[in-house]
Amino acid sequence: AIGIVAGDIIGDTTCLSILTTNILPADIYSFGKTINIKTKELNIISNIFDLNGNLIISRKITNRLTIVDMGNYSTGVYVVKLNNDERQYVKRVFIE
């Protein structure tokens, strides 16, 4: 447990739920037209969705740093979802 419970206010955001045991340790960020995924775990599935929920890229992560080229896609916000059989991590990124 991390000491945060549902209903706590963190900054200007109210915490609804945090399940630390089900979150994959990962760092996801965008840089220009790429999405960079850093993770300590391998054999994770990464799925990238547009904001309409359409799956646009799916791949297996086999390196600690994965760089996904988004050059063929429009500027905007995308959702990156990492998961294995037990845990997941979801983050929104902005592609220029």
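These legends accompany close-up views of a predicted model. Local features need pLDDT of at least 70 and side-chain atom pairs count only at pLDDT 80 or more, while totals for chains, interfaces and linings use all residues. Residues are numbered from 1 along each chain as its sequence is written, and side-chain values use heavy atoms, with hydrogens and water left out.

**View A. An open sheet of 4 strands.** The strand order is β6-β5-β8-β9, and the pairing is antiparallel. β6 (55-61) and β9 (88-95) stand at the edges with a single partner strand each, so one side of each has no neighbour in the sheet. On average, neighbouring strands of this sheet are turned by 20° against each other, direction ignored. Strands (E, at least two residues) are DSSP runs numbered from the N terminus. Two strands pair if DSSP finds at least two bridges between them. Axes behind the angle are lines fitted to C-alpha atoms, and angles run from 0 to 180 degrees between N-to-C directions.

**View B. The pairing of β5 with β8.** Strand β5 covers residues 44-50 and strand β8 covers residues 76-83. They pair in the antiparallel sense over 6 bridges. Asn 47 has Lys 81 in β8 as its bridge partner. Strands of a sheet pair through backbone hydrogen bonds.

**View C. The largest nonpolar core, with 15 residues.** Ile 35, Ile 37, Ile 48, Met 70, Val 80 and Leu 82 touch the most other members. At least two core residues come from each of β4 (34-39), β5, β6, β8 and β9. β8 gives the largest share, 3 residues. A nonpolar core is a set of buried Ala, Val, Leu, Ile, Met, Phe, Trp, Tyr and Cys residues joined through side-chain atoms within 4.5 Å. Buried means under 20% relative accessible area, exposed over 50%, and partly exposed in between (1.4 Å probe, protein chains only).

**View D. The surroundings of Ile 48.** Neighbours within four places in sequence are left aside. The contacts of Ile 48 include Ile 35, Leu 55, Ile 57, Met 70 and Val 80. Asn 54 and Tyr 78 are also among them. Contact means heavy atoms within 4.5 Å.

**View E. Thr 39 in strand β4.** Thr 39 is buried, with a relative accessible area of 5%. Its side chain reaches the backbone oxygen of Pro 25 at 3.1 Å. The side chain of Thr 39 also reaches the backbone nitrogen of Glu 41, at 3.2 Å. Beyond four places in sequence, Thr 39 is in contact with Pro 25, Ala 26, Ile 44, Ile 61, Asn 63 and Arg 64.

**View F. Asn 43 in the loop between β4 and β5.** Phi of Asn 43 is near 60°, a positive value in a residue other than glycine. Asn 43 counts as partly exposed, at 49% relative accessibility.

**View G. Glu 86 in the loop between β8 and β9.** Glu 86 is exposed, with a relative accessible area of 67%. Glu 86 and Leu 24 are 62 residues apart in sequence. Their C-alpha atoms are 8.9 Å apart in space.

**View H. Phe 94 in strand β9.** Phe 94 is partly exposed, with a relative accessible area of 45%. Not counting residues up to four places away in sequence, Phe 94 touches Ser 30, Thr 75, Gly 76 and Val 77. Phe 31 lies 63 residues away along the chain, with 8.7 Å between its C-alpha atom and that of Phe 94.

Terms used:
Polar contact = N/O pair within 3.5 Å; in protein donor to acceptor, adjacent residues only side chain to side chain.
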